[in-house]
Amino acid sequence: MTAGASFPRWLVDRDGAGEIVGGPTRGTFADLPPGELLVEVDLSSLNYKDALAATGSPGVVRHFPHIPGIDAIGRVVESADPRFHAGERVILSGGEFGAGEWGGWTRYARPSAERALPLPHNLAPEEAAALGIAGFTAALSVRKLIAQGLRPDSGEILVTGSTGGVGCIAVALLAKLGYSVVAVTGKRDRTDWLRDLGASRVVDRSELKGLGDAPLLKSKWAGGIDTVGGEPLAVLIRSTKTGGCVTTCGLVAGAGLDLTVHPFILRGVTLCGVDSAWTPGEERAAVWKLLAGEWKPERLDRITRRVPLSALAPEIEAILAGRIAGRVVVEVNR
Ligand SMILES: NC(=O)c1ccc[n+]([C@@H]2O[C@H](COP(=O)([O-])OP(=O)(O)OC[C@H]3O[C@@H](n4cnc5c(N)ncnc54)[C@H](OP(=O)(O)O)[C@@H]3O)[C@@H](O)[C@H]2O)c1
C-alpha cells in the first residue's frame with residue numbers, strides 16, 4: 001500500500017449536465033474522507049438501499065460523489081481508536097454508512113470507528129457478508145416478535161418479500177427457531193427454494209391485494225415480518241390474530257399505510273418498527289453474536305451469489321425491479 005496507489009471502487013456522481021452517473025472506477029487514499037479507521041474491504045453486498053444509492057436517489061444519497069454499500073467485511077489496516085487494532089477483522093455498517101457517508105463498495109474505506117464491530121470468531125467473512133444488514137434486520141425483526149411473546153406454538157408467521165434479502169433470511173431464521181412460516185412472494189418459480197429454506201407454505205403476492213376496505217379481515221396470522229410496506233403490510237395487520245405482532249422495515253411496495261385503528265384497539269395487535277441503522281451498540285453486538293452462533297442459518301450458500309464490483313450494473317437494475325432472489329455478495333477486489 002503506497003500513498004499514490006489506486007484501488008477499485010464504485011463511484012456515483014453528477015456529470016457536467018447534472019445527470020447521475022455511476023460505475024466501477026479507481027480511487028486513491030488521498031480521496032478518502034477522514035475517519036478513525038483505515039479498512040481493507042474484502043466483501044460487501046447489494047441491498048435495496050444500495051441500488052437506490054447507486055442510482056443517486058436523493059432519499060439516500062446526501063452528497064456527491066458517493067460510494068454505496070451499507071455493509072462491508074474487511075480487515076483493519078490502521079486504527080486511531082484503541083478499541084481496534086491493525087489486522088483485526090471487522091463488520092462495517094450502521095449509522096449513515098453507505099448513505100450519508102461513503103460505504104463499502106471500495107477496496108479501502110476510512111470509516112468512523114462507530115461503524116465497526118469486531119467480526120465474531122465463529123463467523124467466516126463470507127458468512128458475515130451473506131448475512132449483512134439483511135440478516136441483521138431479519139434477526140432484529142425476529143427478536144421483536146419474540147419480545148412480544150410470540151412462540152412457535154402461537155400460530156403461523158407471515159413473511160412478505162420472502163425471496164428478498166431480509167425476507168429470505170427471516171424465513172430461514174424463523175424456521176430454524178421452530179416457527180411455522182408462510183412465505184409471500186411474487187416469484188412462483190421460487191416456491192421450492194422457499195420451502196427448502198424452511199417455509200411451511202408459500203403464498204402468491206396477489207393474495208394480499210384487493211381485499212376491500214373492511215377495517216378488519218378474517219384473523220389468520222399470529223404475526224408477521226413485513227419487508228415491503230404499503231398494501232401488503234396493511235392487509236397483514238388487518239388479518240393478524242388477537243394479541244399478534246407485526247414488524248415493519250421496508251417500503252418497496254409503498255411508504256403509505258392505509259389502515260384504521262381497529263386492528264390495534266379491537267385485537268390488540270402490535271406494530272413494531274425495525275431500524276437497523278441506529279441500533280445501539282450493545283444490541284448490535286448481541287444480534288451478531290446470535291447470528292454467528294445459535295441462530296446462524298444453515299447453508300447460507302443456498303441464498304448467496306458472489307458478484308464482482310465490476311459486474312454490478314445489471315444486478316442493481318434487477319434488485320430495483322424486484323427480480324433478485326437471495327443475497328448478492330459483492331467481491332470488492334475482483
Ligand atoms: N429498516 C431497516 O433497518 C432496513 C434494513 C434493511 C432493509 N430495509 C428495507 O427493507 C426492504 C427490503 O430490503 P431488501 O434489501 O431485502 O430488498 P430486496 O432484496 O430487494 O427484497 C425485496 C423483495 O420485496 C418483494 N417486492 C419487490 N417489489 C415489490 C412490490 N412492488 N410489491 C410487493 N413485494 C415486492 C420481492 O420479493 P418477492 O418477489 O419474494 O415478493 C423482493 O425480492 C427495502 O425497502 C429496504 O430498504 C430496511
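## Close-up views of strand pairing

**View 1. Strands E9 and E10 of the predicted model run parallel and are joined by four bridges.** In this predicted model, strand E9 covers residues 181-185, and one of the contacts to be followed in the view is that of Ala-183, whose bridge partner in E10 is Val-202.

**View 2. An open sheet of six strands with parallel pairing contains these two strands.** The strands follow one another in the order E10-E9-E8-E11-E12-E13. Because strand E10 (201-204) and strand E13 (270-273) stand at the edges, each with a single partner strand, one side of each is left without a neighbour in the sheet. Neighbouring strands of this sheet are turned against each other by 20° on average, with direction ignored.

**View 3. Strand E5 pairs with strand E4 in the antiparallel sense.** Five bridges connect E5 with E4, the latter covering residues 71-79, and among the residues involved are Ile-73 and its bridge partner in E5, Ile-91. Strand E5 itself comprises residues 89-93, and because four of its five residues are buried, a class that requires 20 or more other C-beta atoms within 10 Å of a residue's own, the strand is largely enclosed by the rest of the structure.

**View 4. Strand E5 is also joined to strand E7, and these two run antiparallel.** Strand E7 covers residues 116-118 and is connected to E5 by three bridges.

Definitions and conventions:
Residues are numbered from 1 along each chain as its sequence is written. This is a predicted model: local features need pLDDT of at least 70, side-chain atom pairs count only at pLDDT 80 or more; totals for chains, interfaces and linings use all residues. A residue is buried if 20 or more other C-beta atoms lie within 10 Å of its own, exposed if 12 or fewer, and partly exposed in between; C-beta atoms are placed from the backbone. Two strands pair if DSSP finds at least two bridges between them. Axes are lines fitted to C-alpha atoms, for helices over the stretch in contact, and angles run from 0 to 180 degrees between N-to-C directions.
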